[in-house]
Amino acid sequence: MRTALDEARAAPSHGDVPVGAAIVGPLGDIVASSHNHKEKLGDPTAHAELLAIRVAAAAVGGWRLDGHTLVVTLEPCAMCAMAAVWARLDRIVYAAPDPKSGAAWSLFNIPQDERLNHRCELTAGVLEEESAALLERFFAERR
């Protein structure tokens with residue numbers, strides 16, 4: 001989570017919301033990390049999670065990320081939660097809940113939906129206060 005938080009701290013330098021993500025491999029090594037680049041790239045899909053998943057898939061040489069864990073500072077949205085399922089990630093660990101668009105528990109629980117062919121284990125609240133403080137500070141400065 002510390003790597004994801006470091007990534008999140010980099011996002012505001014280019015106007016993006018401070019969300020960071022890391023992909024941890026089966027041996028506990030960090031395979032990929034990124035932060036939001038929506039504003040920087042002008043791309044609505046440039047969420048930290050998707051960018052990290054893309055880098056991890058390239059690093060392992062395929063789209064299946066079995067045995068890997070997505071670590072992210074904010075509860076994934078529907079797009080990112082479904083990408084985790086499609087990538088066959090074993091686990092999602094997130095810091096702060098997102099009551100307005102969270103799809104890994106708050107509004108939906110996509111990663112554990114029994115109708116899907118793959119499910120991810122979920123762990124929430126890891127360094128939640130630190131992540132929430134980053135987000136609160138970012139939005140307070142924008143008001």
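A polar contact is a pair of N or O atoms within 3.5 Å; within protein, one of them must be able to donate a hydrogen and the other to accept it, and residues adjacent in sequence count only if both atoms are side-chain atoms. The model here is a predicted one, with local features needing pLDDT of at least 70, side-chain atom pairs counting only at pLDDT 80 or more, and totals for chains, interfaces and linings using all residues. Residues are numbered from 1 along each chain as its sequence is written, and side-chain values use heavy atoms, with hydrogens and water left out.

The side chain of Arg9 has a polar contact with the side chain of Asp6, at 2.8 Å, and another, at 2.6 Å, with the side chain of Glu130. Setting aside neighbours within four places in sequence, Arg9 is in contact (heavy atoms within 4.5 Å) with Glu130 and Leu134. Arg9 sits in helix H1, residues 2-10; helices (H or I, at least four residues) and strands (E, at least two) are DSSP runs, numbered from the N terminus.

Buried means under 20% relative accessible area, exposed over 50%, and partly exposed in between, using a 1.4 Å probe and protein chains only. Arg9 counts as partly exposed because its relative accessibility is 39%, whereas Trp105 has 60% and so counts as exposed.

Trp105 lies in the loop between strand S4 (91-96) and strand S5 (121-124). Not counting residues up to four places away in sequence, Trp105 touches Glu75 and Tyr94.

Then there's Gly20. C-alpha to C-alpha, Arg9 and Gly20 are 7.8 Å apart in space and eleven residues apart in sequence; for Trp105 and Gly20, the values are 19 Å and 85 residues.
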